[in-house]
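I opened the notebook to look up the strands and helices, the contact between the chains and the nonpolar cores.

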Amino acid sequence: MRSLYTEKVAYRAFSYFLLLLLLAALNPAIARAQAGPAGTATQVSGTVQIQRGAATIPATQGMQIMVGDRVITGDDGHIVVLLTDQSTLELGDSSNMVIDQHAGGTTRVNLLGGAVRSFVNRTVGAAAPNFEVHTPNAVAAARGTLFDTVYLLGLKRPTYGDIQNFTDVSVYDGLVNVANINNPAGGVNVPAGYESTVAGTMNPSGPGPLGMTGAAALGGPAGAKGVAASGILSPVSTVPPPSCPVCPEPPPPPVTNPGPGVP
Amino acid sequence: MHKRLLYLTCALASLACVALVQTNASAAGFFDDVYPGFFTIQRPGTLNLTGFSGGFISDKYGTIQEGFQFEQSVTPYIGAVGRITGYQLWEGEGFDNPLNPGTGHQARLNFARFQGGVDLNLYPGTHLFILGGRDAGDSHASTIEGDFSTWLFLHSLHPVNFSFSTNHNYQNSVTSTSMDLQAIVLSTRRWIFLAGGGGAFYVGGFIPDLQGQGGPDLGVYYRPWNIGVSAQAGYGAAHQYGQLSLYKQLTIFE
């Protein structure tokens, strides 16, 4: 014969189990209720798709982009998303990003491949927005800036050995802190006019002038469309200056008249 | 005894083979680390075009040069380079502005220099051009030239560029070298500002002793237009001098 105490314990355990099941069922619904609009697609060209839940829909100009949407561009794709706080995200071709969070002054973008240019709007008098771009190996955190983040996989670069994944951050305005995702405390501040690279699991490189360290950027140093090959700009001409004397042979000595009587 | 010697010899030979293989492997690893894909054709290829002009004025002579240079990539580390330069040269004491010569001063020599050669990308940010060429016009010299440029401390706020160019003229047997050391003082979204110093020295042929000149220089580069300007002033064998270079770069992805 089971005791009354044992029956009470079993009843409570079963109740708790039912409650847990109910919470688990409601959780996605709660999450969906919290995921609101992140912004609007203001420019769309080429092949651009939005993955929303289990559905994949083509992106069109003017359509709403929601938090949690995955934006995927094809080889000719390009999209600009105007966020609700007037910040913008410009995604280049062959790129893939997810807007993980956009609420209460906090924006978090997950760049899984390709390049995104972020303009972080800062309202005068308001608190600095908390804006982060995450890649599989780095975090770029900005406070009111304009910067590019590029994540490349499967390419080798000279002097980096076997490392084949790189995050390049190029800053055009403001200041961005760049860190390896596994070592957030080891970040470096990259000022405007400079760029930095996180290679594999390494800490970010020291900031170097834009276009000179081999980092890739949206548009590239020569203004090419899309993610430019990581070339190196040299602002110093390789043509020798004109100071090298270019004199050919000196003029011949003047011919002198030998004078009378000399044959 | 012989067996022990044989075993010892075989052991030493094996050890030597292992060491050799390891050395080759590490050398190959180092080579692959610094030059991955050395023999791979660069795709997309790039064609760099540089239009340039400049002037040099001193108490002894003045020069104006203008032309363009192209660099065509073949592999990520080797490319072809060609350059065409036009020169106008004036000589004289107490010299006038060669761009507006006064009475009695006129362009003494006008000639063009055609050069071609190989571009070696030795290391990220380091280039070596080896060019041969020939002049046409008032000069008929054959020349050989080496141009070297390297960027140091690229991952810093103030990278430094060291460059030199050495040219030997087979007609007048003069060997001339120009050198320059510049640092990036400031980089912004649109501008790069440089400061440093440089000069030139020359010897051979009708120049009996080593002569040269040097002084500080300033440079500025405008990124949106890929245009740069560099100015240098100083003193030397040609007495006081001033020098100005302008260049426009264009990169075409093929």
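I took helices (H or I, at least four residues) and strands (E, at least two) as DSSP runs, numbered from the N terminus. This is a predicted model, in which local features need pLDDT of at least 70 and side-chain atom pairs count only at pLDDT 80 or more, while totals for chains, interfaces and linings use all residues. Residues are numbered from 1 along each chain as its sequence is written, and chains are lettered from A in the order in which they are written.

Chain B. I counted 32% of its 254 residues as buried, that is, with 20 or more other C-beta atoms within 10 Å of their own, C-beta atoms being placed from the backbone.

Interface. I found 40 residues of chain A in contact (C-beta atoms, placed from the backbone, within 7 Å) with 58 residues of chain B. Strand S13 (165–173) and strand S17 (208–209) of chain A are the elements that each give two or more residues to the chain A side.

Cores. I took a nonpolar core as a set of buried Ala, Val, Leu, Ile, Met, Phe, Trp, Tyr and Cys residues joined through C-beta atoms within 7 Å. The largest has 50 residues, of which Val116(A), Ala140(A), Phe147(A) and Val176(A) touch the most other members, and strand S9 (residues 106–119) of chain A gives the most to this core, with five residues. Leaving aside neighbours within four places in sequence, I noted that the contacts of Phe147(A) include Ser118(A), Val169(A) and Tyr172(A).

How values were computed
A residue is buried if 20 or more other C-beta atoms lie within 10 Å of its own, exposed if 12 or fewer, and partly exposed in between; C-beta atoms are placed from the backbone. Two residues are in contact if their C-beta atoms, placed from the backbone, lie within 7 Å.
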